[in-house]
Amino acid sequence: MSNSYGFGGEEIREESSWRYPLGIFVATLILSAVFLYYYVGPSVEDLTGDAQSPAISDDPVAFTIANQPFETPTNYTVFPRDRRGGDRDEVWLYALWPTMAGYSPARRVDFLENEPDTRRIDILLKTRSNAFTEDQRIDSLYMPQVIDERGSRTPYQLIKYEFVDQRSSVPTNGYAHTELFLGETTDGDVMALMCFKELDTIESPECWREYELNAGISVTYRFKRAYLDEWRLIDERIRSFMSSMQR
């Protein structure tokens with residue numbers, strides 16, 4: 001910047017020619033960085049470990065829920081936060097049916113996609129928050145809401161129950177578009193499977209069971225309805241898997 005004087009002795013300041021282009025360049029650079037971070041940068045979930053991210057490592061990770069220690073290979077964990085181990089309120093796991101293997105790049109589609117026939121089984125281990133046991137839920141919550149308490153037989157050694165109609169004029173019971181299946185496990189216990197109906201509006205129907213691992217921990221597992229005929233073996237493998245994790 002240089003100075004000169006005009007008529008009347010007033011000082012005239014000449015601005016450097018590079019100042020404004022430099023300012024525009026810096027502003028463009030900042031906006032580009034913000035734009036790039038917004039679209040390809042890590043989200044808050046990524047930074048906190050709350051975004052699903054498969055792990056290839058089979059190194060063991062140890063964690064505790066409700067004072068019960070567990071240990072599992074890292075590639076069974078769904079969220080990075082759970083790979084830190086330590087005390088947890090809940091841990092999400094997944095495994096491939098029927099081998100019960102953890103994640104591997106060769107089976108990426110099964111683990112990450114949501115096709116109706118994907119073989120991924122999702123498992124949630126958490127501190128118990130439901131005051132009802134599985135038996136109590138069957139007697140007190142499910143059965144009072146079914147149309148016919150006799151149910152209907154299926155080819156899968158399960159008894160199927162339909163829930164009362166969900167109309168706009170009737171308060172919801174929370175079981176819309178679902179069916180209840182009751183069966184006997186290999187240990188002789190009565191278990192309840194809830195399944196989404198096979199409807200055009202449900203792209204990838206699932207079945208799930210919630211049971212008590214012990215007084216303080218519940219286990220919920222989900223699998224695709226396409227494998228409903230294998231329910232008893234799935235349940236047996238899940239319970240065996242849970243036992244193998246306990247330390």
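This is a predicted model: local features need pLDDT of at least 70, side-chain atom pairs count only at pLDDT 80 or more; totals for chains, interfaces and linings use all residues.
Before we begin, one term: a strand here is a DSSP run of E with at least two residues, and strands are numbered from the N terminus.

Strands β3, residues 60-65, and β4, residues 68-73, pair in the antiparallel sense over six bridges, and they form a hairpin with two residues between them. As an example of that pairing, T64 has P69 in β4 as its bridge partner. Is A66 buried, partly exposed or exposed? A66 has a relative accessible area of 40%, so it counts as partly exposed, a class that lies between 20% and 50%.

Now look along β3 itself. In a regular strand the side chains alternate between the two faces of the sheet. In β3, V61, F63 and I65 make up the covered face, whereas P60, A62 and T64 make up the uncovered one. Strand β3 also pairs with β5, residues 86-87, this time in the parallel sense and over two bridges, and the bridge partner of F63 in β5 is G86.

Next, the open sheet, which has eight strands in the order β6-β7-β13-β12-β11-β10-β9-β8, with antiparallel pairing. Its edge strands are β6 and β8, each of which pairs on one side only. Within this sheet, β10 and β11, the latter covering residues 190-196, run antiparallel and are joined by seven bridges, with G183 standing opposite M191 in β11.

Two helices lie across these strands. Helix α4, residues 134-142, lies across β10, β11 and β12, and runs at about 60 degrees to β11. Helix α5, residues 231-245, lies across β6, β7, β10, β11, β12 and β13, and its angle to β7 is about 50 degrees.

Finally, two places in the backbone deserve a careful look. In the loop between β6 and α3 we find P98, and the peptide bond from W97 to P98 is cis, with omega near 5 degrees. In the loop between β9 and β10 we find H177, which has a positive phi of about 65 degrees although it is not a glycine. With a relative accessible area of 47%, H177 is partly exposed.

Technical notes:
Residues are numbered from 1 along each chain as its sequence is written. Side-chain values use heavy atoms; hydrogens and water are left out. Buried means under 20% relative accessible area, exposed over 50%, partly exposed in between (1.4 Å probe, protein chains only). Helices (H or I, at least four residues) and strands (E, at least two) are DSSP runs, numbered from the N terminus. Two strands pair if DSSP finds at least two bridges between them. Contact means heavy atoms within 4.5 Å. Axes are lines fitted to C-alpha atoms, for helices over the stretch in contact, and angles run from 0 to 180 degrees between N-to-C directions.
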